[in-house]
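Hi,

Here is the structure I promised to send over.

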Amino acid sequence: MAARRRVLASIAAAAGLAVMTAGCAGAGGSGGGGGGDASSGGAQSINVIMVNNPQMVDLQKLTADNFTKQTGITVNYTVLPENDVRDKIQTDFSSQAGQYDVATISNYETPFFSKNKWIANLDDYVSKDSGYDQGDVLKPIADGLKGADGSQYAEPFYGESSFLMYRKDVFQAKGLTMPDKPTWDQVADLAAKADEGQGKMRGICLRGQSGWGQVFAPLTTVVNTYGGTWFDKDWNAQVSAAPFVEATNFYVNLVQQHGEPDAANAGFTECLNAMTQGGVSMWYDATSAAGSLEADSSPVKGKIGYVPAPVKETASSGWLYSWAFATQEASKKKDAAWKFISWATGKDYEKLVGQQVGWANVPAGKRASTYDIPEYQQSAQAFYQATETAINAADPNNPGVQPRPAPGIQFVAIPEFAGMATQVSQGVSAAIAGQQTVQQALDTGQPLAQAAGDANKK
């Protein structure tokens, strides 16, 4: 337990430093209010902090004319990039500072946020909200947002797996064929053939930006399918073991040789822009990206094909993730917070997005009823079945070739993972930038991972 406390203290210190650094750099999101004083706006006002993904930006735009008009509750948004928002939420919720009433968390944070009583139990709110229809939420997604006590602590805004996206028109013009179920070796060969060189369309976009939720989201799925793992079943770290090193070398070489420019600084948003603007011919990332690619305003609408996450030694390798909303336990506005969560994650919100933004932009992957909506089926026909298949194929309890000590596909569901993996990711990003070797990065990461593993040994 002493070792565990030391690791947690180290993580908290790192998170605090990251927030301070972000503040000094002027990092910050869009959105009115910016969090700030929880009392600003009076009793009918809540502070919401969330990641700056496109679906959340749509939510922000729709709030005043819909939720606030219906309820009289003003929402003060703070919208930040993924790395920044995670640090800020961890700091505010772990201290129960109460600056934010509602935050976007995921199936990674929910187990230990609920165990530490940082977020509120939503069972009573769900049971009394007759129009919410909890039974409509996809079971794998809902289960990932429960605490160890079986209670619901967060509700999904959208759910996702991962798949490979590619330009059908480019492949046809070059005489390339995408397999129905590609391997990573096949993808590397296709990337080389589709790469037109510096300054022109590159073969593939892969996240290279540091952060456990950035480069290590796709990279961990590659490690899994190469036979690697962060920990064996006894919590012994495997970061410098041969399969982990081989997978990381493959990933780094692929992105260095055929990836997007400035790959060490590219995350989800940068790859989305690269794919949308014709900068790359393939992109391996979240299924939720497809809505933006197929939006009416997208220059690549109708040009994208979608196939399962590439594999090496496993039958599948796609991840399982959901961005969800939870209420801070210290919030004094839990009733208003639930009204916001119920609105933002309910069936009617999806219809609102479909009608006012576009059916391809619906934050899907969380409710079974979404896949029965004819307008959604028509608008999302290019990807909705591939998305549903990918979500159902994901197995958080058995994602690799060996037994695991904790669930998770693109993460390990322990509180130490975020801080540890973020530190290791900095070395991988440096390797992508050519500043060190993969072996050096992972040799440095091995003791960090072992410290996290030791904290979880019985």
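Tyr-166 sits opposite Met-282 in strand E6. Keep in mind that this is a predicted model. The strands E5 and E6 run antiparallel to each other, and their pairing covers 5 bridges.

Those two belong to an open sheet of 3 strands, ordered E6-E5-E7 with antiparallel pairing. At the edges are E6 and E7 (304–308), each of which pairs on one side only. On average, neighbouring strands in this sheet are turned by 30° against each other, ignoring direction.

Now to helix H8, which spans residues 184–194. Its buried residues are Trp-184, Val-187, Leu-190, Ala-191 and Ala-194. Looking down the axis of H8, you'll find the buried residues within an arc of 115°, so they line one face of the helix. The spacing rule is handy here: an α-helix has 3.6 residues a turn, so residues three or four places apart point the same way.

And what covers that buried face?

Last, the core. The largest nonpolar core has 137 residues, and Trp-230 and Phe-340 have the most contacts inside it. If you want to click through the surroundings of Phe-340, leave aside residues up to four places away in sequence: it then touches Ile-46, Val-48, Leu-59, Phe-67, Val-75, Tyr-77, Val-102 and Phe-325.

Cheers

Methods. Residues are numbered from 1 along each chain as its sequence is written. This is a predicted model: local features need pLDDT of at least 70, side-chain atom pairs count only at pLDDT 80 or more; totals for chains, interfaces and linings use all residues. Side-chain values use heavy atoms; hydrogens and water are left out. Buried means under 20% relative accessible area, exposed over 50%, partly exposed in between (1.4 Å probe, protein chains only). Helices (H or I, at least four residues) and strands (E, at least two) are DSSP runs, numbered from the N terminus. The arc is that of the directions from the helix axis to the C-beta atoms. Two strands pair if DSSP finds at least two bridges between them. Axes are lines fitted to C-alpha atoms, for helices over the stretch in contact, and angles run from 0 to 180 degrees between N-to-C directions. A nonpolar core is a set of buried Ala, Val, Leu, Ile, Met, Phe, Trp, Tyr and Cys residues joined through side-chain atoms within 4.5 Å. Contact means heavy atoms within 4.5 Å.
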